[in-house]
Structures are given as C-alpha cells and as structure tokens.
Amino acid sequence: MTDSLRSFFTIMESQRGIVVQGTPKLDLDLYIQNYRGRTRFDRLFLIGRTSQTLCVDALKAAVAEAKRGRDVRRYQAAVESLHMAAPSEPEAVFDQQWIDHTEMSNRADTHRLEAELKGYKNNLIKESIRMGNEDLGKHYESIGDLNKAMDAYTRMRPDISTPKHIVDVGKHLVRVSLQRREWAMAAINVNKMAGNLSADDEKALQPYLKVLHGIALLGQGKYHEAALSFLQTDPAIPNTSYDEVASPNDVAIYGALLALASMDRKDLQLKVLDNAKFRAFLELEPHIRRAVTQFVNGRYSACLAILESYRADYLLDVYLQSHVEKIYEEIRSKCIVQYLIPFSCVTLESMNEAFAAPGQSIEMELVDMIRSGTLQARYNAIDKLVTTVSADARLALQLKALATAKSYQREAVESIRRMSLVAADLEVKGQRKFPGGQINLGQANDGQLVGASIP
C-alpha cells in the first residue's frame with residue numbers, strides 16, 4: 001500500500017468511515033454491470049472510499065461514471081478522493097473544461113424548463129403541467145439537486161389522470177427518497193403506489209414494489225418485515241423495473257441475511273429454503289443458500305464461517321453497510337442460543353471450539369448475553385460451565401391466564417359502558433355541517449337535538 005493510499009484511509013477512519021482491509025470476492029466490472037442510473041456512481045464511490053484493495057479502480061470508475069452524467073458535485077467529490085488516494089493517476093486532475101461546459105448547460109436547461117412550466121401553468125393545461133413538472137424533476141435529479149427534484153415530483157400529484165401516472169409519480173418519489181436516505185418516506189410512497197394499482201398492474205410491478213419496500217424497511221432496521229418483503233419477490237418478472245436500486249443478487253443476499261437474523265429454524269426452512277420463488281434468487285448466490293442450510297441443520301460454526309468469509313463484500317454494499325455488524329451479531333447470538341438448547345450444561349471449552357476464533361475465548365460474550373437476557377443460562381466462572389435455565393412452564397401459564405382475565409375484564413367494562421350510553425339515549429350520532437360553522441349533535445333524554453357550535 002502506498003503512502004498516499006494509507007493516508008487516505010487514515011482520513012476515512014477519522015471520519016468514522018468503515019474501512020475494509022480484506023480482499024472482497026466481487027469482481028468490480030461484473031458487479032457494476034447489474035445496475036443502471038445514479039446507483040452506479042453511489043456504489044462505485046462507496047467501494048472506493050471503503051475497500052483498500054479496490055479503492056483506486058473503483059474511484060477511477062466513479063470518475064468516469066460521473067462524467068457520463070451531469071452532476072458536477074459528484075464528479076468533484078470523486079476526483080478529490082482519487083487525488084488523495086492516488087495523485088499520480090490521470091483521472092485525479094479536474095477536467096475544468098468539462099465542469100464549465102456542464103454547469104453552463106445545466107443552468108440553460110434549468111432556465112428553459114422553468115420557463116416552459118410557467119407557460120403551461122398560464123395556459124392551465126393539466127397534462128402539460130404534469131409533464132413539465134416531471135421533466136423539471138428529472139433534470140434536477142440528474143444534476144444532483146434532490147430537494148428540488150422531490151418538490152417537482154410532488155407537484156405532479158394534482159395533475160394525475162391515469163393509473164400509469166400514479167405509478168410514474170410513485171417511482172420518482174421512491175427513487176429520490178432512497179437517494180436522500182429517507183426510508184420512511186420511501187415506504188409510504190411504495191404503499192401509496194400499491195394501494196392505487198389494478199390487479200394486472202400490481203402483478204407486473206410486484207418485484208419492484210417488494211424490493212423497494214424491503215430496502216426501505218431495511219433502512220429503518222425492521223429486519224423481519226424487510227426479509228418477508230424480499231422473500232415474496234417474483235423472479236419470473238425481469239429486474240429492469242428495479243435495477244436502478246438493486247440487482248437479483250442483492251435480493252438473494254438481503255432476503256437470506258435478514259431471514260437468518262430474524263427467523264427461527266422452522267421459518268427458515270419453510271420461507272427460505274422451501275420457497276420456490278426465492279430459490280431462483282438463491283441460485284445466484286450459492287454461498288448464502290449454504291449458510292442458511294447449515295443453520296437449519298444445526299451446523300452453526302459452519303454457517304458463521306461462510307458469512308464471515310463474505311463480510312468484506314457485504315460491507316461494500318450501499319444499503320447493507322451500516323447494518324452488517326448488527327445483523328451479524330444477531331445471527332451469532334441466535335447460533336449460540338440454538339447450540340445450547342439440547343444441553344443442560346456445556347463446558348466453555350466446547351463453546352470456544354464451536355464459536356471462538358483460534359486462541360480466543362467467548363467467555364465475556366456469553367456473560368454479556370446472559371446479562372442482557374438474550375441467553376437464558378448461568379455461567380460458572382470457576383468450573384467454566386454454562387448451565388441452561390429451563391423456563392418455568394407453570395409460571396408462564398399463570399401469567400398468560402392472568403393477562404387473558406384482564407383482557408376479558410376490560411372488554412366487559414367497555415361493553416357495559418356502551419350499553420349504558422345507548423340505554424340513556426346519549427349516543428353521539430356524528431357531525432352535521434351548517435353554514436357559518438359546524439355543530440356536534442347528540443340526543444337528550446326527551447329526544448331533542450342538543451349541541452355546541454364550533455366556528
């Protein structure tokens with residue numbers, strides 16, 4: 001590693017960035033061919049700022065990708081990073097002529113599209129206004145002004161007239177929301193799209209809706225719901241509807257990893273390995289299928305070894321990177337818990353053989369799991385024994401019965417209250433609107449209307 005490259009990653013670490021020292025298994029050229037649109041630059045730039053092995057190649061590809069677009073700030077960021085990592089590369093020097101020409105072209109197009117939209121609004125032509133906002137939104141998105149792009153796409157909604165327009169607006173909003181890392185907003189827009197589609201349109205867009213909804217849920221840390229969304233993706237429909245965001249290989253990895261982190265062995269067998277639809281995705285990533293199979297078969301150390309060998313690859317993924325540590329921790333905790341289930345007492349030595357790295361011990365990890373309640377066991381630090389604690393079935397049954405009784409009591413009280421209101425003829429009928437205000441109407445005992453005016 002050169003001094004400039006070492007200095008570059010020292011800066012990345014100081015900025016709390018993730019640095020991958022190991023050699024990933026992915027082929028950069030084949031990997032990036034699975035995507036189109038702005039996600040290509042996002043992925044190349046992330047790899048360049050994360051992987052010590054692929055840094056220079058990824059940043060050079062990011063510079064070339066930026067120059068194929070119109071986002072000057074992306075180009076400048078890629079060149080600056082490449083100049084820090086490999087200042088001797090030809091691409092590490094700003095192409096000022098390209099910057100000036102692109103900025104001038106962007107300003108001219110912005111002025112032209114805004115003038116056209118203003119003319120459409122003066123003429124009150126709804127279809128032209130919708131198309132004008134769409135063109136302006138695409139332009140703002142292409143030059144990297146995502147806030148204005150979101151505003152332009154949102155202004156399309158009042159002029160929608162067909163189901164196709166609903167789909168188009170939804171796709172624009174979801175795509176920009178994901179770029180801005182607004183996961184909740186992306187999920188809301190996906191749900192809006194799904195709720196306004198016909199049966200045929202929903203079937204055609206099923207992979208798009210499932211994949212993007214899964215990514216939005218992953219961003220929010222809702223691993224179980226995200227896993228279910230990925231596992232329901234239909235592989236029969238081409239991925240051209242979602243390749244601006246993810247690839248079929250990503251669907252396999254996201255779905256299987258999140259399922260391992262959030263599902264038990266029975267669900268993994270039923271919803272992952274026996275899932276005919278998802279099996280087509282798993283064939284693209286055989287290693288992740290082997291990992292799930294090893295977990296289901298009780299070979300937990302083999303499962304963890306497979307996942308550990310691909311950790312570097314997952315840390316280079318634009319959506320997985322910030323979740324890899326937590327996902328791996330949850331999978332490892334599940335493996336340890338499942339390993340102890342058949343035994344009443346296990347030696348620390350055997351636990352180390354199954355889960356610890358050579359020359360290390362998982363003693364403190366077990367203590368932390370017991371203290372947090374993740375592992376129901378006791379640890380004897382003198383004899384180095386882990387003793388599982390069986391659940392008190394009688395206590396659990398009593399607590400369940402008590403909760404059921406309290407639920408019945410609450411329902412009975414609410415029913416009696418409701419019956420008393422009806423018997424006293426005090427049931428609220430609703431609201432009626434009158435000129436000058438709004439009146440809440442009810443009924444007194446004599447049947448006459450009573451209420452209060454609300455301005």
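Reply: Trp183 has a relative accessibility of 19%, so it counts as buried (buried is under 20% relative accessible area, exposed over 50%, partly exposed in between, with a 1.4 Å probe and protein chains only). Bear in mind that this is a predicted model, where local features need pLDDT of at least 70, side-chain atom pairs count only at pLDDT 80 or more, and totals for chains, interfaces and linings use all residues. Residues are numbered from 1 along each chain as its sequence is written, and side-chain values use heavy atoms, with hydrogens and water left out.

Me: How many aromatic pairs does the structure hold?
Reply: Rings of Phe, Tyr and Trp (its six-membered ring) pair if their centres lie within 6.5 Å; planes under 30 degrees apart are stacked, over 60 edge-to-face and the rest tilted. By that rule, the aromatic pairs number twelve.

Me: What kind of pair do Trp183 and Tyr319 make?
Reply: Their ring centres are 6.1 Å apart. The planes sit at 75 degrees, so the pair is edge-to-face.

Me: Where in the chain are those two, and how many residues apart?
Reply: Trp183 is in helix 10 (residues 183-195), while Tyr319 is in the loop between helix 19 (311-314) and helix 20 (324-340). Helices here are DSSP runs (H or I, at least four residues), numbered from the N terminus. The pair thus links distant parts of the chain, and the separation is 136 residues.

Me: Is Tyr319 buried or exposed?
Reply: Its relative accessibility comes out at 9%. On that value, Tyr319 counts as buried.

Me: Which residues form a cluster through ring pairs?
Reply: Here the ring pairs link up into a cluster. Its members are Tyr75, Phe94 and Trp98.

Me: How are helix 5 and helix 6 oriented to each other?
Reply: The axes of helix 5 (residues 72-85) and helix 6 (residues 96-123) come within 10 Å and cross at roughly 160 degrees. Axes are lines fitted to C-alpha atoms, for helices over the stretch in contact, with angles from 0 to 180 degrees between N-to-C directions. Under 35 degrees is roughly parallel, over 145 roughly antiparallel, 65 to 115 roughly perpendicular and the rest oblique. The two helices are therefore roughly antiparallel.

Me: Which residues of helix 5 make the contact?
Reply: Contact means heavy atoms within 4.5 Å. Helix 6 brings Trp98, Ile99, Thr102, Glu103 and Asn106. From helix 5 come Val72, Tyr75 and Gln76.
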